[in-house]
Amino acid sequence: NTTLTSLNVSMNHMMADDRSIASLEMMLRRNKVLTSLDVQFCGFGPKDICAVCRALGVNTTLTSLDLSGSQFDDISIASLGKLLRENRILTSLGLRVCFSGIGILNEVCSALRVNTTLTSLDLSWDKFDDQSI
């Protein structure tokens, strides 16, 4: 596809099966025009997040990504941190309602020390406690 610049498949739990994730990863690696991807509340788990992060490591056009409602573990949090440290295209990232606690907050804050392109980060409804901040 050479014309689709924005894709919103939010709240579509069919996106979280292995075949859909493999297709999404391939599309993100090859697509040269997509600038916005909204996969919030698609039921993404840690391996799905890792696949998206791997693909965005080579994608040169996506500027907005919404992973809100996804389930992170230590490996996918590290994958997100690596993406934020290395990607120089992404400007907006949605991580609402991920409930990953201090692990994701620490990783994102650490990555943002070297990331100079991210201008919008949504961590609302993640329920960080006083010790997290």
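D48 and K47 form a salt bridge in this predicted model, with their closest N and O atoms 3.9 Å apart; the term salt bridge is used here for a side-chain nitrogen of Lys or Arg within 4 Å of a carboxyl oxygen of Asp or Glu. The two partners sit in contrasting surroundings. D48 counts as buried because its relative accessibility is 4%, whereas K47, at 53%, counts as exposed. For these labels, buried means under 20% relative accessible area, exposed over 50%, and partly exposed in between (1.4 Å probe, protein chains only).

K47 also meets the side chain of D18 in a salt bridge, at 2.3 Å from N to O. This pair links distant parts of the chain, 29 residues apart, with D18 in helix α1 (residues 18-30) and K47 in helix α2 (residues 46-56). Helices (H or I, at least four residues) and strands (E, at least two) are DSSP runs, numbered from the N terminus. Both D18 and K47 are exposed. Taken together, D18, K47 and D48 are linked in a network of salt bridges.

Elsewhere, the side chains of R96 and D122 meet in a salt bridge of 3.5 Å, N to O. Here too distant parts of the chain are linked, 26 residues apart: R96 lies in the loop between β4 (92-94) and α4 (101-112), and D122 in strand β5 (residues 120-122). D122 is partly exposed because its relative accessible area is 25%. The structure holds eight salt bridges, including those described above.

Residues are numbered from 1 along each chain as its sequence is written, and side-chain values use heavy atoms, leaving out hydrogens and water. As the model is predicted, local features need pLDDT of at least 70 and side-chain atom pairs count only at pLDDT 80 or more, while totals for chains, interfaces and linings use all residues.
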